[in-house]
Amino acid sequence: MFEVEVKYRVSNHDVIKDKLKSLNARFLEHTEETDIYFNSPIRDFAKTDEALRVRIYGDGTIVLTYKGPRIGDVGKTREELSVTVNDLDSLLEILKRLGFKEVAKVVKRRDIYNYENFTIYIDTVEDLGSFVEVETMVNDKELINRATEEVLQLGDKLGLRRDWIERRTYLELVLERQGVNKP
């Protein structure tokens, strides 16, 4: 599967939430997420533009995700593979024993909405501020360009200006804030 996502840096979530309400977007949930990112012992993910993340949801769900290099030049489209695990301590120990190094944590509060075949995330990220992510999933690489345009059009409809697009990942932003290069 390919995640086709465009992230916008915003100053205020209220206007976006009002627009979502006017479109009859469905509120799905509020969650808190802690993402722990790792770098590989065999290749530098900063150079290969990959990511390995352990996400811990507020309800205790734990998901290990690999994200491939970004595709395209607008959003953050990537191949994504995920698996749910039930033992955080063992997962972290396995990664440590295999030589993976923790590089950063990203903590966010997130409101999740659904509109047609899109998911909209209203994010407040610790030490970074407010963002809106608009995404959809496609299973064929040939559909990425069309899906990207549809994501951008929904962003336009929500009043998200294209000059607000933030192509850097939360990980990159956190590391930049800390004065550290990407993992």
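This is a predicted model: local features need pLDDT of at least 70, side-chain atom pairs count only at pLDDT 80 or more; totals for chains, interfaces and linings use all residues.
**View 1. The whole chain, to get your bearings.**
The protein chain holds five helices and eight strands (DSSP runs numbered from the N terminus, with helices being H or I of at least four residues and strands E of at least two). Starting at the N terminus, their order is β-α-β-α-β-β-β-α-β-β-β-α-α. The radius of gyration of the protein chain is 16 Å, close to the 16 Å that the globule rule gives for 183 residues, so the chain is as compact as a globular protein of that length. (That radius is taken over C-alpha atoms, and the rule is 2.2 Å times the number of residues to the power 0.38.) Along its principal axes, the C-alpha trace spans about 50 × 35 × 35 Å. Of the 183 residues, 47% count as buried, a word used here for under 20% relative accessible area, with exposed for over 50% and partly exposed in between (1.4 Å probe, protein chains only).

Helix H4 runs through residues 144-157 and reaches 20 Å from its first C-alpha to its last, close to the 20 Å expected at 1.5 Å a residue (the expected span is 1.5 Å times one less than the number of residues). Buried in H4 are Ile 144, Ala 147, Thr 148, Val 151, Leu 152, Leu 154 and Gly 155. They cover an arc of only 160° around the axis, which puts them on the same side of H4; the arc is that of the directions from the helix axis to the C-beta atoms. On the other side, look for Asn 145 and Arg 146, which are exposed. The buried residues pack against strands E1 (2-10), E6 (101-115), E7 (118-125) and E8 (129-138), where contact means heavy atoms within 4.5 Å. Just after H4, Gly 159 has a positive phi of about 85°.

**View 2. The largest nonpolar core, and another one.**
A nonpolar core is a set of buried Ala, Val, Leu, Ile, Met, Phe, Trp, Tyr and Cys residues joined through side-chain atoms within 4.5 Å. The largest has 23 residues, of which Leu 20, Ile 120, Val 132, Val 134 and Leu 160 touch the most other members. Two or more residues each come from E1, helix H1 (14-22), E6, E7, E8 and H4. Apart from this core lies another, of twelve residues, among them Val 106, Leu 128, Tyr 170 and Leu 171.

**View 3. Helix H5 under cover.**
Six of the eight residues of helix H5 (170-177) are buried: Tyr 170, Leu 171, Glu 172, Leu 173, Val 174 and Leu 175. Their cover includes E1, strand E2 (26-39), E6, E7 and E8.

**View 4. Asp 18, out in the open.**
Asp 18 lies in helix H1 and is exposed, with a relative accessible area of 54%. Lys 76 is 58 residues from Asp 18 in sequence and 25 Å from it in space, C-alpha to C-alpha.

Conventions. Residues are numbered from 1 along each chain as its sequence is written. Side-chain values use heavy atoms; hydrogens and water are left out.
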